[in-house]
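Dear colleague,

Please find below the structure that I am handing over to you. The notes that follow it set out what was found.

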Amino acid sequence: MSTTLGDMPEPAAAASILSPSPRPSGGLRFAYNTNGAANHRLSDAIALIAVAGYDGVALTLDHHHLDPLEDGWVQRTEALARDLHARNLGCVIETGARFLLDPRRKHEPTLLTPHAEGRARRVAFLQRAVEIGQILGAEAVSFWAGVPLPGVDRGEAAEWLVEGVEQVLDHAAARGVTAALEPEPGMLVETLDDYALLQARLPQLKLALDLGHCLVTQEREPAAAVGEFAAQLGTVAIEDMRRGDHTHLPFGEGDMDIPACLDALEAIGFARLVCVELSRESHRADRIIPQSLDWLLRCREERTA
């Protein structure tokens, strides 16, 4: 079933206000997630990320950040690709916007929605994200399973999930894009063990590992998860987090052993972007964006001193 994603008018492009600065060379590569710059125009957010010295952008597709539902998305994506290339920035595509597909229900529809039409709409959105990722040369497109609605049988939801993920994976494989599923606290695929069960049925499915989520579910230590799932990693998100509390925190405010996580990533030779995700910090993005990278780089310098 084909699904139309939208026919709204194309917004005017915002002009960049800053120029790129040199990236740190060698070692891990860091990106910043645009869901932590929700009060900025996308062009301004990217400029801030570039000038701070990041190696890439984790682009959360949203109504105000490269809306994939509006006409003209191809042209706007191509313009963004030129901007990222000029700034020497890599890219990861994130698909966790809260009300992009339904203004009244957070994150709905999902791959687990009881109505086939709703599931098809989510699949179509993820396929559009893959197409955007192809144009941008994204390292990965990250997505999650969703939460089963009340009354939905979890076994039936699991079959819907496999069906939907297969469609996304086929679309991604045809375009040379890595599709990676993120275990998310409270969702059907919540833990790394849940991911492993799904990946056993869909071997080509990569893992989008949010290191903080390991502390929320308390299933594994984050650094240990890096080593265990090294071969499956498609992308990695990092932030600080308290045990059992799904709140993304600035570095130094939670229980995460960030140096151990960075050591683990270096030990496996992780060459993809490590994406800082601070979705609650948009009100002070102008400060948190540079401060977060400074914190990570100081952490590495102290570790190697």
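Trp73, Val74, Thr77, Glu78, Leu80, Ala81 and Leu84 of helix 2 meet Arg128, Glu131, Ile132, Ile135 and Leu136 of helix 3, where contact means heavy atoms within 4.5 Å. By class, this contact has eight nonpolar, one polar and three charged residues. Here Ala, Val, Leu, Ile, Met, Phe, Trp, Tyr, Cys and Pro count as nonpolar, Asp, Glu, Lys and Arg as charged, and the others, Gly among them, as polar. Helices (H or I, at least four residues) and strands (E, at least two) are DSSP runs, numbered from the N terminus.

This is a predicted model, in which local features need pLDDT of at least 70 and side-chain atom pairs count only at pLDDT 80 or more, while totals for chains, interfaces and linings use all residues. Residues are numbered from 1 along each chain as its sequence is written, and side-chain values use heavy atoms, with hydrogens and water left out.

As to confidence, the chain has a mean pLDDT (the predictor's confidence in each residue, from 0 to 100) of 92, and 91% of its residues reach 70 or more. Over residues 1–25 the pLDDT is below 50, and this stretch has 57 contacts in the model beyond near neighbours in sequence.

The axes of helix 2 (residues 73–86) and helix 3 come within 9 Å and cross at roughly 40 degrees. Axes are lines fitted to C-alpha atoms, for helices over the stretch in contact, and angles run from 0 to 180 degrees between N-to-C directions. The two helices are therefore oblique to each other; angles under 35 degrees count as roughly parallel, over 145 as roughly antiparallel, 65 to 115 as roughly perpendicular and the rest as oblique.

Helix 3 (residues 116–136) also packs with helix 4 (residues 154–174), at an angle of about 25 degrees and with axes 9 Å apart. These two helices are therefore roughly parallel to each other. Arg119, Val123, Leu126, Gln127, Val130 and Glu131 in helix 3 meet Trp160, Gly164, Gln167, Val168, His171 and Ala172 in helix 4. That contact has six nonpolar, four polar and two charged residues.

Is helix 1 enclosed or open? Helix 1 (residues 42–52) is largely enclosed by the rest of the structure, because eight of its 11 residues are buried. Buried means under 20% relative accessible area, exposed over 50%, and partly exposed in between (1.4 Å probe, protein chains only). Among the buried residues of helix 1 are Leu42, Ile46 and Ile49. Just after helix 1, glycine 53 takes a positive phi of about 110 degrees.

Isoleucine 238, in strand 7 (residues 233–238), is buried, with a relative accessible area of 0%. Its contacts, leaving aside neighbours within four places in sequence, include Leu211, Phe251 and Glu277. Isoleucine 238 and glutamate 277 are 39 residues apart in sequence and 6.2 Å apart in space, C-alpha to C-alpha.

Some backbone details remain. Most residues other than glycine have a negative phi, and most peptide bonds are trans. Leucine 66, in the loop between strand 2 (56–60) and helix 2, has a positive phi near 55 degrees and is buried at 8% relative accessible area. Asparagine 88, in the loop between helix 2 and strand 3, has a positive phi near 60 degrees and counts as exposed at 57% relative accessibility. The peptide bond from glutamate 108 to proline 109 is cis, with omega near -10 degrees.

Yours sincerely
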